[in-house]
Amino acid sequence: MAAKDRVIAGIDPGVAPSTLTDAAAQDLLERLATALGQANQDYHTADSPALSDADYDVLKRYNAALEAQFPALKRIDSPSDQVGAPVADGFGKVKHAVRMLSLSNAFDDEDVQDFDDQIRKFLGLGADAPLAYTAEPKIDGLSLSLRYENSVLIQAATRGDGETGENVTDNARTISDIPQTLTDAPDVLEVRGEVYMSHADFDALNARQTEAGGKTFANPRNAAAGSLRQLDPTITAARPLKFFAYAWGEVSTPIADQQSAAIDKLAAWGFSTNDLTQVCEGPDDLLTHYRKIEQLRAELGYDIDGVVYKVDDLALQRRLGFRSTTPRWAIAHKFPAELAWTRLESIDIQVGRTGALSPVARLQPVTVGGVVVSNATLHNEDYIKGIGGNGEVIREGRDLCVGDWVQVYRAGDVIPKIKDVDPTKRPDDAVPFVFPDVCPECGSAAIREDGDAVRRCTGGLICPAQAVEKLKHFVGRAAFDIEGLGAKQVEAFYHDPDLSVKQPADIFTLRARDADNLAKLKNRDGWGETSAKNLFDAIDDRRRIPLNRVLFSLGIRHVGESGAAILARHYGSWAAFAAAMDAASIGEGAAWDDLISIDGVGAVMAASVITTLQQPAERASIDALIAELDVQDVAAPATDSSPVAGKTVVFTGTLEKMTRAEAKARAESLGAKVSGSVSAKTDILIAGPGAGSKAKKAADLGVETIDEDAWLTLIGDA
């Protein structure tokens, strides 16, 4: 089963973008932004990922494919434009002088050939022109940037979100692979690489943790990241961390002319570099080295998850430049996910915030890729039956029964997925799994609407699982983000008869109700007078809040962060938004027409918003919340100082001073949107020699048309 045939986080990446309507694509892009944003937070900030590397890569590629098919629907919080995640509380912040970017990925031989083809096309090189690359193992660890001034280590920072990282200087000084001083180095030198832990050291650490009754780690990557990001450097010093150097950021003088020579220079300065790094001539040579490293993988003694290819000539790297989050001159060729067989012991049903009933496989514990796993997601009832998201057959139509011998796969430190089942080992007494048609949490009917792959509980606010999950969403980072009130506290308060936080408004009456209770919060386990007061103060601090955060916090289906921001900008105030929803009828009327005319809002989202605001119980809960808040109006965003920011431009004809790819990249870096066709929304057409139908259409529409020289003058590149 290919990766694209799996349902991941409720999303089926096997659905071809070309078959989707605008509304369906918009819904998918929202769900992808939510899933990938949470995955970034889990992986980079919490060091506790819940989505495998392989599944993350599949969703990231699917998101890019959707954006290519529907460019007008690209979200303002698009995962394509994000690197890492914000820094965690407790660390000082370091702004990187040169951004720390991620890498785009290759998954098969064709992707590697495409990588080479695209570079040659961008640079205007023929297929036979020599073009060397380096190939090196991709270490599965934590990215780190080391800043040296006058040959002395003065600062170490994690990648963070690419712009700003965490200051872990004291911790980095404890790693023996990191030199404290250098000889004959540039006055300013930022060395970048990966902090990791060997398999042997990881096993020894977990043994010590178990003996001491402490936390054990799922895998070496988590252990390395958690060890480096300790607030107490003495803990880091006790952990066996290592460091491979493979790149650089800001430098006061050039290191070398080639990537390979620069790596040699890093080694000469005393850094550990990977001895499997090799210069390769073209895709065939790259793939040969990839397979060599793949065969050596189990013998390396540390985790790698692929091979990184980089253009060796640094002058060509500079010409190729960067996309929004990745360099054009490098790519990571990922290894396939790892597999193991085990017994499916039971299937449990979990109920989520939107009422979705999600099946979870409970497995006989098995080691997959060095990590013991005991459960797996089963996505939905069709998946259990052997049916994919589009009704197609998966696993050759084999269903899943309790007691089955199943093949699970994973590519990192996460909950695995089930890939296949061995029917020859099915127990004689096995029976097909019957998916429930009632909610296991509240007993309400669980229905499956036409076109929905998920069965959902109809209990709404009376369903404790939905209510708790909605409250957890409400206090999330992108919503109210109340300090001291996280998922754990919300669940405890929900089930506490005295505190009785059943809906969002109850959070804002907590201080007053606590004052009337005999059992004070400050006297409960885990709380004290100071912590209780701090919580109440933090809640009050969130009474004044922007409209977009309020809209996102409500957990309306199909309304993510981007959708909430779009609605907030359009309506401006809560009063205007609520009045519009009160006046709206799904599918007709002026209020409906106005709602769906908003760029980024389709019929699916519009219907969901109206339904939520007009449902009596939901509306009563929302109105009770609004009564406790000072909801701030949202102003229109400021315009960038770039002369083409926000404008739609089209290039046509032959460009003589740069390739088409370079021109597009430059325009996008200045905030312009580059389109492939001329329409009434086009602001500028840049026409080179040989311009044809596009130039004529632009003239007919009255679109401003300029030549390449005028364009370069406009953007300041003349």
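Is Arg229 buried or exposed? With a relative accessibility of 10%, Arg229 counts as buried. Keep in mind that this is a predicted model.

**Salt bridges**

- The count for this model comes to 37 salt bridges.
- Arg229 pairs up with Glu166, and their closest N and O atoms sit 2.8 Å apart.
- Glu166 belongs to strand β6 (residues 164-166) while Arg229 is in the loop between α6 (220-228) and α7 (233-237), so this pair ties together parts 63 residues apart in sequence.
- Glu166 is buried too, at a relative accessible area of 3%.
- Another salt bridge joins Arg524 and Asp496, with 2.4 Å between the closest N and O atoms, and both of these residues are buried.
- Asp582 and Arg619 also meet through their side chains, at 2.6 Å from N to O.
- Shared partners join Arg511, Lys533, Asp537, Asp540, Arg543 and Glu628 into one salt-bridge network.

**A four-stranded sheet**

- Four strands form an open sheet with parallel pairing, in the order β22-β21-β23-β24.
- At the edges you'll find β22 (673-675) and β24 (704-706), each pairing on one side only.
- Strand β21 (residues 648-652) runs parallel to β22, joined by three bridges, and Val650 stands opposite Ser675 in β22.
- Lying across β21 and β22 is helix α23 (residues 660-669), which runs at about 170° to β21.

Technical notes
Residues numbered from 1 in each chain as written. Predicted model: local features only at pLDDT ≥ 70, side-chain atom pairs only at ≥ 80, totals over all residues. Heavy atoms only, no water. Pairing = 2+ DSSP bridges. Helix = DSSP H or I, 4+ residues; strand = E, 2+ residues; numbered from the N terminus. Contact = heavy atoms within 4.5 Å. Axes fitted to C-alpha atoms, helices over the stretch in contact; angles between N-to-C directions. Salt bridge = Lys/Arg side-chain N within 4 Å of Asp/Glu carboxyl O. Buried < 20%, exposed > 50% of the residue type's maximum accessible area, 1.4 Å probe, protein only.
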